[in-house]
Amino acid sequence: MPLINLKMSYIHKFFSYRAANTLIVFVGLILFFAFFTPRHVFVNPRNITSLSKLMPDLGIVALGVGMLMICGEFDLSVSSVLPLCAFIFISLLKVNINPSFALCITLGSGALLGLLNGIITVKGRIPSFITTLGTMMFWRGILYVGSHMWPIGLRAYLPPGSVFEHIFVGKIGGIPVQVIWFIAFAVILGIILHFHKFGNWVYATGDNKLAARAMGINTDRTKTICFIIVGVLCAFVGILQILRMETFGCTQGIGFELKAIAASVVGGTFLMGGIGSMMGIFLGAITIQILENGLILMRVPVFGISAFIGLAIVLFVILNTYIERRRTR
Amino acid sequence: MGSKKSKENLVKMLNIHKWFGKVHALKGVDFEVKHSEIMGLVGDNGAGKSTLIKVLSGFHRADEGEIYFEGEKISITSSLEARRLGIETVYQEQALASHMSISRNIFMGREPVKSLGFLNKKVMNEESMKALESIELHLRSPDTLIAMLSGGERQGVAIARALHFKAKLVILDEPTIALSIKEAREVLEFIKQLKKEGITAIFITHNLYHVFPVAERFVILNRGEKVADVEKEDTSIDKLSELIVKEPLAGETL
């Protein structure tokens with residue numbers, strides 16, 4: 001009898017864990033696609049390798065966007081900040097700046113763009129949805145004019161096989177390095193969110209801003225820092241994509257703004273802020289990309305895939321809302 | 001008004017005026033709170049209770065008047081500063097984050113940390129349980145989410161938080177307003193525990209039946225003016241309620 005109780009309490013604990021729903025769907029999808037894709041191509045090493053090269057792009061951006069959402073804000077400008085930073089990076093390489101130095105400047109630019117989003121939102125006292133809608137369009141316009149919308153090849157400025165390149169898009173023991181970056185960012189941000197006092201401020205700000213402020217938390221600064229984190233992560237992914245594709249394209253990252261929100265939501269993050277976990281966001285980012293990949297392999301027409309993803313998001317939010325309501329009852 | 005008197009007052013507010021645009025919300029209120037007393041600040045809606053208290057807790061600045069705390073003249077410009085002085089407010093819009101745990105709420109903004117700013121969860125959990133027990137609030141775990149607590153228990157957490165941070169003065173801004181009868185009674189018990197701990201408290205409400213059994217002295221505001229300042233033994237609920245609703249001057253009524 002006590003053994004059963006113990007087991008029950010483990011099961012109970014598991015279900016009360018916020019990322020649990022996402023984990024179940026994640027595992028379910030993997031099993032489903034492993035069995036039902038033609039010739040089990042989903043679990044083919046080649047598919048897994050290509051997935052693990054592609055997934056970190058959206059995944060890393062989503063980690064930041066999800067944390068910002070927990071804080072109660074949105075960032076739609078990721079889809080413009082990302083290619084703009086990529087453009088800054090390749091432009092720096094063009095003028096013969098050392099790649100490592102160019103990397104630092106690009107990450108700094110990402111931070112500044114995030115800071116700008118934060119300051120406009122906080123000081124202008126407007127919803128970040130509007131701020132970042134504005135900056136998304138603004139920076140995209142600047143980027144299109146600045147780059148003349150021409151792609152720029154990487155190889156003219158960075159010969160293949162450099163150590164720099166290996167650090168970002170090489171392989172370690174057969175595993176693409178991007179995956180390791182993705183996991184590393186998730187772990188670092190997870191530690192900050194769940195074990196550092198800053199994480200406590202993020203949750204408090206997103207949950208009850210007035211209370212947080214009354215308790216002496218600088219909610220404006222907390223939000224702004226979250227915006228900066230998103231900016232830096234976008235810059236990082238911008239560089240990652242250039243190195244992987246060996247070219248800059250001004251349509252890099254298009255659609256990421258909503259996909260990142262979708263990934264966070266699938267990971268159990270609430271649109272109103274205050275609820276979410278880094279593990280959930282991490283799994284959510286993988287889950288929606290697995291869904292996309294699996295459906296393509298199952299020969300669902302490419303243009304019809306968004307229908308499934310849309311369906312999945314809505315179902316997920318319904319499920320999460322239902323579970324959250326039961327948890328707090 | 002010798003210096004002796006000001007010493008036994010924890011708070012003394014003199015001639016406080018506050019305008020909101022053309023509205024004269026506080027019309028020269030004098031206000032004192034003695035050491036370790038529970039004082040009832042009573043008045044109808046719009047009488048100026050909350051405004052007065054927000055001046056004291058740093059939310060508003062008085063347009064005129066002086067504030068003394070522990071005998072020293074002070075000017076409170078922010079809620080952070082008020083808290084540094086030892087003035088903690090339990091707001092009517094419960095200042096808790098409902099999807100966070102009890103211990104994370106109690107230490108919100110003042111987290112005990114190990115090196116590099118990482119939370120010291122052990123201290124957080126132990127200290128929050130201690131704080132809750134000091135007001136006789138027995139909850140299972142410091143990891144319980146606020147959303148799972150009753151309204152009374154939530155106010156208890158907010159009061160325990162004030163207590164933990166060694167508040168010299170706890171301001172309870174309508175702590176029973178949104179609660180059921182049973183929950184309100186729980187909160188009144190917590191307030192009695194505060195008194196046992198020797199903490200000074202201002203209990204703001206328009207519900208005389210809640211404040212009367214708990215407080216020792218009553219200040220009544222009516223349309224931005226102080227109309228009474230009486231000890232409990234010199235008054236009754238009936239007398240007080242008459243003062244609350246009385247029109248200040250017959251000629252002013254329309």
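Reply: In α4(A), V78(A), V81(A), L82(A), P83(A), C85(A), A86(A), F89(A) and I90(A) take part. Facing them in α11(A) are V230(A), G231(A), C234(A), A235(A), V237(A), G238(A), I239(A), Q241(A) and I242(A). Keep in mind that this is a predicted model.

Me: What classes of residue make up the contact of α4(A) with α11(A)?

Reply: Sort them by class. The contact has 14 nonpolar residues and 3 polar ones, with no charged residues.

Me: At what angle do α4(A) and α11(A) pack, and how far apart are their axes?

Reply: Compare the two axes. Helix α4 of chain A covers residues 78–94, and its angle to α11(A) is about 55°. The axes are 8 Å apart. The crossing of α4(A) past α11(A) is right-handed.

Me: Which residues of α4(A) meet α12(A)?

Reply: V78(A), S79(A) and L82(A) do, and they meet F256(A), E257(A) and A260(A) in α12(A). By class, this contact has 4 nonpolar residues, 1 polar and 1 charged. Helix α12 of chain A runs over residues 256–266. Its angle to α4(A) is about 120°, and the axes are 7 Å apart. This pair is therefore oblique too.

Me: How do I check the length of a helix, say α11(A)?

Reply: Compare its span with the expected one. Helix α11 of chain A, residues 219–245, has 27 residues. From first C-alpha to last it reaches 39 Å, close to the 39 Å expected at 1.5 Å a residue. Just after α11(A), look at E246(A), which takes a positive phi of about 60°.

Me: How many of the residues of α11(A) are buried?

Reply: Count neighbours. A residue is buried if 20 or more other C-beta atoms lie within 10 Å of its own. In α11(A), 22 of the 27 residues are buried, so the helix is largely enclosed by the rest of the structure.

Me: What span should helix α14 of chain A have?

Reply: Use the same kind of check. Helix α14 of chain A holds 23 residues, 305–327, so at 1.5 Å a residue it should span 33 Å. Its end C-alpha atoms are 33 Å apart, which agrees. In α14(A), I313(A), F316(A) and N320(A) are buried. The buried residues of α14(A) pack against α2 and α12 of chain A.

Me: Is A20(A) buried or partly exposed?

Reply: Count again. A20(A) lies in helix α2 of chain A, residues 20–36. It has 17 C-beta neighbours inside 10 Å, so A20(A) counts as partly exposed. Now look along the chain. A20(A) and M279(A) are 259 residues apart, yet their C-alpha atoms are separated by 9.4 Å.

Me: Where does A62(B) lie?

Reply: Find the elements on either side. A62(B) is in the loop between α2 (49–56) and β4 (64–69) of chain B. It counts as buried because it has 22 C-beta neighbours inside 10 Å. Leaving out residues up to four places away in sequence, A62(B) touches I16(B), H17(B), K18(B) and V55(B).

Me: How many residues of chain A are in contact with chain B?

Reply: Count each side. 19 residues of chain A are in contact with 23 residues of chain B. On the chain A side, α9(A) gives the most, with 6 residues. That side has 11 nonpolar, 6 polar and 2 charged residues.

How values were computed. Residues numbered from 1 in each chain as written. Chains lettered and ligands numbered in written order. Predicted model: local features only at pLDDT ≥ 70, side-chain atom pairs only at ≥ 80, totals over all residues. Contact = placed C-beta atoms within 7 Å. Helix = DSSP H or I, 4+ residues; strand = E, 2+ residues; numbered from the N terminus. Nonpolar A, V, L, I, M, F, W, Y, C, P; charged D, E, K, R; others polar. Expected span 1.5 Å × (residues − 1). Buried ≥ 20, exposed ≤ 12 C-beta atoms within 10 Å, placed from the backbone. Axes fitted to C-alpha atoms, helices over the stretch in contact; angles between N-to-C directions. Left-handed = near helix turned anticlockwise from the far one by under 90°. Parallel < 35°, antiparallel > 145°, perpendicular 65-115°, else oblique.
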